[in-house]
Each structure stands twice: as C-alpha cells, then as structure tokens.
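Work through the exercises below with the sequence and the structure at hand. Each task is followed by a solution in steps.

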Amino acid sequence: MGEMMLEYGYGGKILRIDLTEEKFHIEKMKKSWIKNVIGGRAANTKRLLEEIDPSCNPLGSENILIFGIGPLTGSILPASAYHIVTSKSPLTGILGDSAAGGQFGAEMKLTGFDQIIIKGRSEDLIYLMITEDGSEFVKCPEYRGRSILEVTEAIRKKQRNHSIQVAAIGPAGENLVLFSTIVSSGNRVNGRTGMGAVIGSKNLKAIAVRGSRSLKIKDPMAFFSEIKKIEKAILNHNEYNKRYRMGTTMLMKDLNRIGILPTNHFQKGACSYLDNISGERLEENYKVKNKACFNCNLHCSRYYICNDHEGEGPEFEMLCSFTSRIGNSDLSFALEMTEYLNQMGLDAISTGEIIGWIMECEEKGLISPEEIGVNISWGEKDKIREIVKKIVYREGIGDALAKGAKKFSERFSKEAQKLVMHVKGLDIICGDPRGIKAYGLTYAISSRGADHLRAEPYFELTDRREEAKRRFGTEKAADRLSEEGKAALVTYSEKISLLCDSMTMCKNIGLCMDILNFENVSLLLKTCTGMSYTPEYLQKIMGECINRDRVLNKKFGLNSEDDTLPERFLKEPLSEGPTKGSIVDIKRMINEYYKLHGWK
Ligand code: SF4
C-alpha cells in the first residue's frame with residue numbers, strides 16, 4: 001500500500017535547500033514519519049538525529065538548520081503561532097533549538113512546508129525568498145552589517161509585499177557570535193543556543209516566506225467547538241488580566257517577593273530598587289499599546305517608546321538580564337538595550353550572564369580589569385554598552401567574549417569558572433533555582449542546556465496543593481521549596497511542553513496557564529488532522545521523543561554527569577529573604593526523575 005497523504009492540518013511537504021549548489025527540492029512529508037512526533041520541535045530533533053554527522057563543525061557547511069512548524073500552527077487555535085529552529089549548537093556543541101512566536105510560523109504554513117531544511121554555504125551573502133513553489137536565492141551584499149529591522153523592511157520593499165514574513169540575523173549573527181539570534185518580523189526572537197550564528201556561517205542574511213494556500217481542517221465544526229473551550233479557558237483564567245497588562249514582566253515583582261529574582265549575578269534574590277524596574281513601572285511609564293502573536297487572544301506582548309528607543313517587548317528574561325542581574329536600576333537603559341540586542345541579534349540571557357560574571361569576578365578579584373580591558377562594576381551603563389558593542393562586532397576582547405561565558409572563562413582560574421551560571425554550556429535563565437526546585441531540576445535535565453522551557457513547571461508557584469496531590473501524589477509538588485514530587489511534576493510538564501512545541505502553541509498559555517492537557521490535545525489533533533491519538537498514546541510518544549533528545553546528545557558527547565547545576569545553587573544558601581537558607585538537592589530529584597524515565 002502506498003504512503004498515506006497528509007491532507008489536513010499539515011502542509012504535507014518538506015523544502016530542502018542546498019546553499020552551496022543554489023538548489024532546492026521539494027519532498028512529501030510522510031504520514032508514517034510525522035505521526036509519532038507530531039511536528040515542530042519533536043520532528044526537528046528526529047530529523048537532526050537522522051541526518052546530521054554528530055562530529056560536524058556547527059559553523060561548517062555540513063551542519064543543517066531546520067525550520068519546523070506543526071499541524072496546528074497558523075490555525076484558529078489561540079497562540080498557534082510558533083516556529084522552531086533546530087541545529088547543532090555552536091555555543092554548546094549539543095542539540096540546539098529555539099522557538100519564536102509572531103507571524104512567521106503561520107505564514108510558513110501557507111507555503112505548504114512543514115519543514116525547511118537548509119544545508120551548505122552560499123558564496124555570496126544572500127536571502128531566501130520562499131513560496132509554495134520553492135525558493136529563490138537572492139544576492140544581497142548591500143545588507144551586510146544592517147540591523148534586523150532594516151533588512152526586514154528592505155526585503156519587503158524589494159519584494160513589493162508588506163505581508164512577507166522575514167526571519168533575519170543582525171551583525172552579531174554575521175560575525176558568528178555564538179549566542180546570536182534570529183529575529184522574525186523585526187521583533188520575535190529565536191534567542192537561545194546560537195541559531196543566528198549557524199545562519200551567519202552559511203552566508204545567509206534572512207529567510208523570507210510568503211504563502212497563499214489554505215489550511216484544511218478534517219472536522220471544522222468539531223475543531224471549532226474545541227477551540228471555543230480553549231478560548232474561554234484563557235479568557236476566564238485568574239492570571240488573564242495581569243498577563244494582558246504586563247506579559248511575563250509581571251514576574252519581576254513575583255520573583256522578587258519570594259526572594260529568587262537574580263540580583264548582582266545570583267548573589268542575592270531580591271533587589272532594593274524593584275519598583276524602578278518592575279513590570280508595573282514599565283506599563284505605567286513606557287507601554288503604548290498591546291501587541292500579539294498570530295491569532296492570540298491574550299495579547300501579552302507590548303510596544304514601548306522610551307526617549308529615542310522603541311520596539312516590542314521586553315519580556316521578563318530581557319528585562320531582568322539588563323536590570324537586577326547586572327545591578328542596573330535604570331529601566332530606560334534596559335529598554336535601550338532591548339532595542340539594541342533585538343536589532344543586532346544577541347541573546348539577552350547569555351549577554352547578561354557574561355556581563356554579570358565579569359562584574360562578580362572583578363569585584364572578587366578573580367580577574368583583573370586589565371585582562372578584560374574594562375574596569376566594570378554593577379550597573380555601569382557606559383561600560384555595559386561598550387562591552388555589548390564589542391561583542392557584536394568582535395572588537396578587542398569582544399572577539400573572545402563572543403564565544404560565550406563558559407568558553408571565555410576557561411582562560412581563568414577554576415574559582416572564576418565555577419561562577420559561570422550555566423548547564424551544558426548554556427547560560428541559566430533569570431530564576432534562582434534555590435527557591436523553585438522543579439525549575440532547578442528542569443535546568444539540570446534540559447536537553448539544550450540550562451533552560452526552563454523544556455518543562456516550565458510553573459505549577460509549583462501556584463500553591464494548588466490539592467491539585468498537586470491528585471496529579472503528582474503529594475501536596476509538596478506545589479511547595480516551591482520542597483524537592484518532593486518535583487520529578488513527577490517535571491516528567492508531566494516536559495511532555496506538555498513538548499506538545500506545545502510540536503503542535504505548535506505558546507507555552508505561556510498552553511503550560512503556564514495550564515490550558516493544555518493530554519485529553520484536549522488528543523481532541524484538537526483528531527479534529528484538525530483526522531489522526532487518532534488517545535491521551536495515553538500521546539504520553540507514550542512524547543516520552544519516546546524525550547528519549548530521542550537524550551540519544552542525540554549522547555552522540556554529541558554528553559552523559560548523565562552533565563545533568564547538574566552550578567555549585568552555587570547546590571552549596572551556597574541565599575542569606576536573606578523568603579528563600580533564605582535554601583539550596584537544591586539536585587541528586588535526589590535527578591534520581592527520581594531518571595527512575596520515572598527508566599534511565600540510568
Ligand atoms: S501569550 Fe504572548 S507570547 Fe504567547 S502567543 Fe500570545 S502574545 Fe505571543
């Protein structure tokens with residue numbers, strides 16, 4: 001019997017691009033291949049495992065870069081906007097991927113391609129113009145060095161179509177900064193693991209998509225009825241108003257209140273000037289309107305104008321990385337840096353980490369200002385500007401800093417190296433795991449390095465003790481300071497997280513607001529694609545996909561010893577505030593987590 005067609009939900013095609021040969025070809029996406037990975041992140045990882053030589057240079061022409069979307073991307077499912085970029089990471093040398101919302105994924109769906117797989121390297125700087133028919137290879141030497149917004153606008157103008165969605169890199173990606181980003185449509189960021197440098201290494205400035213096909217739904221009325229339930233759950237959620245007003249910047253106050261807001265590079269968990277840098281202050285002083293990703297009814301994104309600077313955002317990680325994490329109390333400076341990083345294409349978390357690490361090491365006398373070329377203390381704005389610019393253009397010390405905090409630290413003492421807040425080479429996000437234990441476990445086990453989004457166990461912050469007992473066997477799963485029940489919570493959440501990244505849907509809604517579960521996802525997939533998944537089967541295949549991440553990372557050289565946290569979180573308790581005295585018993589949680597997975 002022939003291969004079944006993917007008629008509903010999916011585009012049903014793969015676009016393969018060879019930049020060296022300036023050629024493309026189109027393949028059918030096989031139903032038997034996609035069924036057990038759904039799409040998006042899980043499908044990209046499977047593709048990477050099947051097609052990459054694990055020993056390849058991440059910045060060499062042999063590395064592949066995959067843009068992936070899922071069966072529900074661009075549908076009427078709220079917040080179904082995401083696209084995932086996957087490759088071998090040049091920052092960490094392991095599985096690299098990053099998700100972004102906005103409009104790019106929805107437009108890609110209209111081209112009919114579920115995956116765009118790029119290999120090779122172009123001789124000249126080019127961008128790709130992708131439509132249903134394939135790709136044009138457009139030379140663009142004039143775009144070298146230009147900001148992401150400039151390139152986005154220039155491509156739209158040249159193609160005479162303002163609806164084109166563009167994913168571009170800035171000067172940081174061109175200069176192969178290992179934590180550079182891809183930004184779509186001027187403001188939505190694939191930030192983590194250096195995907196911008198992979199594109200830059202291929203001499204590719206941007207990928208533009210424009211499609212015109214329509215999306216076919218298997219059972220439109222039943223699908224619509226499932227969507228209505230989800231829309232209602234979002235609108236009636238107790239955090240709706242707060243998230244609408246401030247987006248994730250609401251976390252500045254929330255995390256400070258419980259003593260886990262990274263301050264002066266995780267030396268403290270609360271800062272005295274919180275009111276100057278909070279989500280509330282941002283809303284009052286600089287927000288001019290709400291913005292949203294494709295078809296989202298939460299509209300958590302915001303547009304700001306501040307002096308000469310404007311743009312969409314910042315979200316929490318950007319805001320905290322350029323305020324309390326590096327000792328800066330000036331909100332307008334953080335907004336200036338938001339614009340600069342988004343236009344130059346630098347990851348905020350990794351940039352904030354390297355600056356905070358230098359500040360702490362200089363303060364403690366572990367590195368001297370002469371070794372860095374700058375004598376910098378907490379919150380010194382001119383010097384922060386100088387360092388960031390040097391990283392973007394790889395000038396002077398910026399050339400070495402562009403390799404990321406972990407690699408840069410290797411030229412200094414063991415004591416200094418221990419202060420880099422990373423796991424597997426990826427810099428830790430802005431949430432101190434000493435006061436959120438399930439997050440600590442998530443950072444340690446995440447297959448792309450220190451990261452919360454692989455499980456986003458926000459549940460432990462919601463104080464739903466009865467629900468915790470029902471779902472995870474103990475009320476302690478809802479106690480942020482306890483290690484008990486956290487392996488069960490993370491094992492559940494990582495599967496929902498993977499479903500969000502694979503269908504695709506925003507995790508703020510799907511996971512943090514606890515909107516998705518195996519039951520409603522199985523109905524969404526059935527009514528949209530016609531493919532049957534029981535809730536139990538979904539759990540099983542998501543578990544297999546998580547195992548696949550591990551198999552791939554083993555090929556990249558990782559082993560279980562890499563599943564840990566920086567020593568600070570394991571041995572140094574915070575000295576004040578509501579998280580005072582707490583450290584992370586990571587071994588206990590990891591043993592329980594491995595048991596649940598059947599790993600050794
Ligand atoms: S909740 Fe915010 S980030 Fe998520 S899809 Fe909606 S607007 Fe985008």
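The model is predicted: local features need pLDDT of at least 70, side-chain atom pairs count only at pLDDT 80 or more, and totals for chains, interfaces and linings use all residues. Residues are numbered from 1 along each chain as its sequence is written.

**Exercise 1.** Determine how strand 12 is enclosed and which strands join it.

Helices (H or I, at least four residues) and strands (E, at least two) are DSSP runs, numbered from the N terminus. A residue is buried if 20 or more other C-beta atoms, placed from the backbone, lie within 10 Å of its own, exposed if 12 or fewer, and partly exposed in between.
- Step 1. In strand 12 (residues 204–209), 6 of the 6 residues are buried, so the strand is largely enclosed by the rest of the structure.
- Step 2. Two strands pair if DSSP finds at least two bridges between them. Strand 7 (residues 126–131) runs parallel to strand 12, with 5 bridges, and Tyr127 has Ala206 as its bridge partner.
- Step 3. Strand 9 (residues 165–168) is antiparallel to strand 12, with 4 bridges; here Gln165 is the bridge partner of Val209.

**Exercise 2.** Find the residues of the largest nonpolar core that touch the most other members.

A nonpolar core is a set of buried Ala, Val, Leu, Ile, Met, Phe, Trp, Tyr and Cys residues joined through C-beta atoms within 7 Å.
- Step 1. Contact requires C-beta atoms, placed from the backbone, within 7 Å. Leaving out residues up to four places away in sequence, Ala208 touches Tyr127, Leu128, Met129, Ile130, Ile155, Gln159, Ile164 and Val166.

**Exercise 3.** Characterise the shell around the ligand.

- Step 1. The ligand is surrounded by 13 residues (C-beta atom, placed from the backbone, within 6 Å). The closest are Ala79, Cys293, Cys296, Cys300 and Cys506.
- Step 2. Ala, Val, Leu, Ile, Met, Phe, Trp, Tyr, Cys and Pro count as nonpolar, Asp, Glu, Lys and Arg as charged, and the others, Gly among them, as polar. The shell then has 9 nonpolar, 4 polar and no charged residues.

Note on methods. Two residues are in contact if their C-beta atoms, placed from the backbone, lie within 7 Å.
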